[in-house]
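Please examine the following structure with attention to its aromatic rings, its chain interface and its charged pairs. A briefing on these topics follows.

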Amino acid sequence: MSDQLLRTENLIVGYGRHIIVQGMDFSVNPGEIVTLIGANGAGKSTLLKTIANQLAPLAGTVYLHDKAGISERELAKIMSVVLTVRIDPELMTCEDVVSSGRYPYTGRLGILSENDRQKVAEAMEMTHVTELRERAFSQLSDGQRQRVMLARAVCQEPEILVLDEPTSFLDMKHKLELLMLIRRLTEEKQIGVIVSLHELELAERVSDRILCIRNGKIDRTGTPGEIFKDDYIRELYQISCGSYHPVTGAELEAVKGKPEIFVIGGGGMGIPVYRRLQRQGIPFACGVLHENDMEYPVASALAAEVMTEKAFEPVSEIQFQKAAAVLEKCRNVICACTAFGTMNQKNFELLKLAETAGKLIKNQIL
Amino acid sequence: MKFNRKSRYIAGFLLLILCVVLFFCLNLLTGSSQMTLSKMLEVLTGNSSDTTAQNILLRIRLPRLSAAFLLGGALSVSGFLLQCFFGNPIAGPFVLGISSGAKLAVALVMVTALQIGISVSSWMMVLASFLGAMLSMGWILLISRKVRSMSLLIVSGVMLGYICSAVTELIVAFADDANIVNLHNWSMGSFSGTDWQDVRLMTSIILLCLLLTFLMSKPLNAYQLGEAYAENMGVNLKKFRITIILLSSILSACVTAFAGPVSFVGVAVPHLMKTLFGTAKPIIIIPASFLGGGVFCLGCDLLARNLFAPTELSISTVTAVFGAPVVIWIMLHRSMKNYE
């Protein structure tokens, strides 16, 4: 296919004789964000360095526009990078740093033309760093630096943008801004982006395709929908303590033992209660939850026991009895649920049961 | 802002040129034999019949000050290159031991030549000096691969410098010959005794290197962002590294061959120029360092000759007095910045 910007063929990357990731065949198309995820040390950065021609592949080939072995000068016009190395350029303003992206286009002495200046200004406008133009680069915050480095990469007018963990060190606002910016760039300029991310929830939202690296190979490739399902993430990161759910995120390890507190949950209101009990190290039971309730994944990750009911069915008598039996053995009951209706009518009865037994405690007290 | 920057550059260069002219005149006028301005102008325009004045000005002072200017400039440019290369603001040919390595090589060649009774040409001196500089450079490169710490690199450079100086002293002490007095003077660093032939040779070497260095200002600028980004911008790192090492070694070797080791100019002047121009852009700082280094050495030589006349100080004594505080200032300034 000729519209592939980048394609690798049986690529093996690593240092010296040490293979880190092997057998890689993947491609990046114009207007597409491909995200690399995987545990620390899985080889994401090594792969990105190899793609950016900063590290020779141990075997295999990286094709750009179906061509291999492109010269440094040509490559500089096709690909730009934002890396994790911190730079500390002496006495450089942000504009100087951004202008350096025009390097492949300037003459022998690197003097900027009017057109170059225009491109620099556009790139700074796009990444919202115009107001930092005259500021010294070394005085910027991490978020500002990252945006300036992105502006530098943008004014290099690449077809492929390689970003190594661009969101580390940034706060949530700047993470979102940066990724939205990358998304916009991808669509407006139809560039291809290959990026490594540690924030799974962001990877899920921003990527068109995800490459999962595990055990020295590409373990899985697919759309976010295909990757973020079931227990795959848990497997990918080999999470043995705690858990990860694609929607509700990471949870710490459940407190084991006989339940001391029964939580009547439902509709997501129970989530903070479950997490608090986990922090306090109190084993608890909860129910009766519908299997499609938004707090169900959290409950099953944290509770010692979860009473469940099938989705969209009213809580049955059998489940109610089971829950009542567990509740009986618990020291206290917390009711996190605030709304009762046809489907969870039995939960209201559980609440009454707790009240008469004098076990009900207020949600906030604990 | 754009306009301000440009006018700052222009003003900076005008100031430097003015200083060059001023110190040229001062160096011509002062010395053990008094000279008046009108007499000097007469000699320079070729209207003087005073042969003593002609000899003093044209045979002694003019070549000497030309050497001071050219060699000072070469040292500063070499220092600037090393600073860019190692990403270290206090790197320089003297602190990294490159000058001392060159000194050792030259001393060896001179002593051997004296012993077997052949005279050493300037060319041979430059060559020996270059070889010595390259050996030291090789050592420093090895160290810089092993350690990432700036201060460790400098410490090992200074230590290398001491070792080379010690060996040089040893050679000088054991080579008993009348000519050793010259060798001793030279090993302390001095611009005295330069003749026109030397000046011609150093001019051709230095100006050629300066031109090549100037042509490297674009990749140097990219390199200031670090190797990874330089590579992404299309800089051929291998070629770049070799060129920078060769140029900085030739420049500092040339200085050592003609004037012996001259301390601190290579560190202090580029830094002063960066402060004066408010930028580290190689395209500005390379020519500025050359002019600035020239002025600095002219000024220092002026003091070396006149401060305790008729006794002459070694040039390193004077450059150290003015250069070392600048180095301390840089280090304090940087560590303060890190604490902020």
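Rings of Phe, Tyr and Trp (its six-membered ring) pair if their centres lie within 6.5 Å, with planes under 30 degrees apart counted as stacked, over 60 as edge-to-face and the rest as tilted. B:Phe85, B:Phe86, B:Tyr223 and B:Phe240 form one aromatic cluster by this rule. The model is predicted, so local features need pLDDT of at least 70 and side-chain atom pairs count only at pLDDT 80 or more, while totals for chains, interfaces and linings use all residues; side-chain values use heavy atoms, and hydrogens and water are left out. Residues are numbered from 1 along each chain as its sequence is written, chains are lettered from A, and ligands are numbered from 1 in the order in which they are written.

**Aromatic rings**

- A pair of aromatic rings is described by the distance of the centres and the angle of the planes.
- Over all chains, the count comes to 10 aromatic pairs.
- In one of them, the ring centres of B:Tyr223 and B:Phe240 are 4.7 Å apart and the planes stand at 35°, so the pair is tilted.
- This pair links distant parts of the chain, 17 residues apart: B:Tyr223 belongs to helix α9 (residues 217–223) of chain B and B:Phe240 to helix α11 (residues 237–259) of chain B. Helices (H or I, at least four residues) and strands (E, at least two) are DSSP runs, numbered from the N terminus.
- B:Tyr223 is buried at a relative accessible area of 8%, and B:Phe240 is buried at 3%. Buried means under 20% relative accessible area, exposed over 50%, and partly exposed in between (1.4 Å probe, protein chains only).

**Charges over rings**

- A charge sits over a ring if NZ of Lys or CZ of Arg is within 6 Å of the ring centre and within 35 degrees of the ring normal.
- A:Arg7 lies over the face of A:Tyr63, 4.5 Å from the ring centre.
- The charged end of A:Arg220 is placed over the ring of A:Tyr232, at 3.9 Å from its centre.

**The interface of chain A and chain B**

- Chain A gives 36 residues to the contact and chain B gives 29 residues, where contact means heavy atoms within 4.5 Å.
- The two chains bury about 2800 Å² between them, 55% of it on carbon and sulfur atoms. Buried area is the accessible area (1.4 Å probe) that two parts lose on being put together, summed over both.
- In chain A, the residues that lose the most area to chain B are A:Glu90, A:Tyr103 and A:Leu109, together 25% of what that side buries.

**Salt bridges**

- A salt bridge is a side-chain nitrogen of Lys or Arg within 4 Å of a carboxyl oxygen of Asp or Glu.
- The structure holds 26 salt bridges over all chains, and the rule finds 3 across the interface of chain A and chain B.
- One salt bridge joins A:Arg102 and A:Asp116 (3.0 Å, N to O). A:Arg102 lies in the loop between α3 and α4 (114–126) of chain A and A:Asp116 in helix α4 of chain A, so the pair ties together parts that are 14 residues apart in sequence.
- A:Arg102 counts as buried at 2% relative accessibility, and A:Asp116 counts as buried at 4%.
- B:Lys281 and A:Asp96 meet through their side chains in a salt bridge (3.4 Å, N to O).
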